[in-house]
Amino acid sequence: MDVLRSVFGYSAFRGQQAEIIDHVVRGGDALVLMPTGGGKSLCYQIPALVRDGLAVVVSPLIALMRDQVTALREAGVRAAYLNSSLDPNEAREVERAVARGELDLLYVAPERLVTPRFLELLDRTDLALFALDEAHCVSQWGHDFRPEYLQLSILHERHPMVPRIALTATADAQTRAEIAEKLGLGEARVFISSFDRPNITYRVVPKKTERQQLLAFLRENHAEDAGIIYCMSRAKVEDVAAWLNAQGREALPYHAGLPPDVREANQDLFIKGEGIVMVATVAFGMGIDKPNVRFVAHLDPPKSLEAYYQETGRAGRDGLAANAWMAYGMADVVSLRQMLEQSEAADTHRRVERGKLEALLGFCETATCRRQVLLNYFGEPFPEPCGNCDTCLEPVECWDGTVAAQKALSAVYRTGQRYGAGHLIDVLLGNATDKVVQQAHDSLKTFGVGKDLAKAEWQSVYRQLVAAGFLTVDIEGFGGFRLTDSGVAVIKGQKPVKLRKDPVQERRRGVHDALRRHVSRGGSAPGGSGGGLSADGVSRSGARGTLSPADDALWHALKDCRTRLAREQGVPPYVIFHDSTLLEMVASRPQDRVGFGRLPGVGGRKLERYADAFLEVIREQG
Ligand code: ADP
Ligand code: ZN
């Protein structure tokens, strides 16, 4: 508790942190499952400081190691890292520091850790604990498998008395069991947190003119914020980034096809800058722990709900309100279905893939709370609607679409199960286009039976029918629709169909700039639930506000001060102070060091170094 305040400047533990820390400090083994942004790092950093000796942290992510060590040093902690980014001299220097007992925390890449040289060094060192970060890397079935992780059990064999804490944000039971087994943590106490990310507002909007929609979303909500925009292809990444720049928004591209130095430079700019938008393929994001990513947008659907959760989870690590926004339309549904049909994978694998796709489509099309759908998918019951997703904030109407579905499906059937939505809708609306006339589809019984709905409504009907699996998509030819068995059941009147009414116009309210809202509510009282906004603080977002001109001026002046200090030291701005700390400065305007020291995120060392600079800004701005 003392360390939490004096080193990290926080006034309260979050969630299970206190219990976990207590358990590890006493020498117990722990397996910690906590979502991104949940505060895993403190769970080993505090025991590392409280217990005697060196804490060894195994992490596969080089960028993350560097950031963590920078932040720790900034807080006055004796920390270092060892990985392939150091030259031999630097590495030897770190080893010497270990040997002299000058470090409290050492971050090590797994391949480095299991070398005989390093293991011998550890044999000669007094050890506080082993922390195994990103522990799911031990899972051979996961995406991040690291063979070296399988060798980590050697640590326990050589040092049976040293406590171990394994941490991951991957929730599923299978991975958990694998971690326990492969790392020999069967006896460890397991700490499972809720995987809810209450400060993230989930939204899925029907795709129309995606770029204009995106731009409106950015202008309305995130004019000055940093965020990530995910696209499926490299070409689209480049296009969207260039287009955003032309619209006056600073955006950078990131995908695996860019030269490594460009990728690294763009990532660095994103991390060290303020308000930069990263347009990226899924190649971007692993190991980025920038806390003030205010939004994650998807212009193409993610691969699965797991991927969606992980990608959107990069928003709002600081606990302040953040947006997850996705534009999704007919073409996306069609290509997802096609991909599935094409996949040549073995049957069992394909069944798994199909299940994942259905879950993703179900999430996109749901008329109920998105958070409930998401968390239920991960096996976590979430009893009440969340109040912080689009379907909660702007409930969608449902309608009995049985008759419309029957019309839409018979149009498919009577035209020979070869056409896509465009032609079918012409038939339904009675449009005698050349193609309709040529195929004599104007003589069909279904010709013109759909005049009661508009074109956009029929598009929505077809999208939902494909999403719900009443129709499937032909993979040869041009993606024509075919009926499935359940589609046939609908035509026969054996199955009612409930459809959601797409919002006519995107309504934009309630998710205005998170920061403004935070300040307008007077910030969070120190000693509260920690880390700024609490879960229900976000859902009460109806009370949105704007910063007064004076607050706005101070906020920008404080940010400028932070940028200047960060540049001088070559570190990301958030290493100096998080946004939430600056916001508390705006809200409470401390006048002296005593007041400054009470701000969340101001530990002893930061008080020492930065109080004067920021106090001066506050005084100048009056
Ligand atoms: P994870 O590794 O679980 O994704 P981190 O350890 O990076 O999460 O923590 C997420 C953010 O929350 C960090 O910016 C951290 O400083 C902050 N944080 C963690 N614990 C607390 C706390 N008890 N009070 C306030 N902020 C906290
Ligand atoms: Zn909800």
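**Basis.** I worked on a predicted model, where local features need pLDDT of at least 70, side-chain atom pairs count only at pLDDT 80 or more, and totals for chains, interfaces and linings use all residues. Residues are numbered from 1 along each chain as its sequence is written, chains are lettered from A and ligands numbered from 1 in the order in which they are written, and side-chain values use heavy atoms, with hydrogens and water left out.

**Ligand 1.** I listed 16 residues around ligand 1, the closest being Tyr-10, Gly-37, Ser-41, Arg-317 and His-578; a residue is near a molecule if one of its heavy atoms lies within 4 Å of it. Sorted by class, this shell has five nonpolar, eight polar and three charged residues. For the classes, Ala, Val, Leu, Ile, Met, Phe, Trp, Tyr, Cys and Pro count as nonpolar, Asp, Glu, Lys and Arg as charged, and the others, Gly among them, as polar.

I then examined the polar contacts (pairs of N or O atoms within 3.5 Å). A side-chain N or O atom of Arg-317 is 2.6 Å from an oxygen atom of ligand 1. For Lys-40 the corresponding distance to a ligand oxygen is 2.8 Å, and for Arg-14 it is 3.0 Å. Taken alone, ligand 1 exposes 560 Å², of which the protein buries 89%; accessible areas come from the Shrake-Rupley method with a 1.4 Å probe.

**Seven-stranded sheet.** I traced an open sheet with parallel pairing in the order β3-β4-β2-β5-β6-β1-β7; strands pair if DSSP finds at least two bridges between them. Its edges are β3 (79-82) and β7 (189-192), each with a single partner strand, so one side of each has no neighbour in the sheet. The twist from one strand to the next averages 20 degrees. Within this sheet I checked β2 (residues 54-58) and β4 (residues 105-108), which pair in the parallel sense over four bridges. Val-56 stands opposite Leu-106 in β4.

Helix α4 (residues 62-74) packs on the sheet, touching β3 and β4, at about 165 degrees to β3. Contact means heavy atoms within 4.5 Å, and angles run from 0 to 180 degrees between N-to-C directions of axes fitted to C-alpha atoms, for helices over the stretch in contact. Helix α5 (residues 88-99) touches β2, β3 and β4, at about 130 degrees to β3.

**Six-stranded sheet.** I noted an open sheet in the order β8-β13-β12-β9-β11-β10, again with parallel pairing. Strands β8 (200-206) and β10 (251-254) form its edges. Four bridges join the parallel strands β9 (residues 226-230) and β11 (residues 277-280), and Gly-227 has Val-277 as its bridge partner in β11. Helix α11 (residues 234-246) lies across β9, β10 and β11, at about 170 degrees to β10.

Definitions and conventions:
A polar contact is a pair of N or O atoms within 3.5 Å; within protein, one must be able to donate a hydrogen and the other to accept it, and residues adjacent in sequence count only if both atoms are side-chain atoms. Helices (H or I, at least four residues) and strands (E, at least two) are DSSP runs, numbered from the N terminus.
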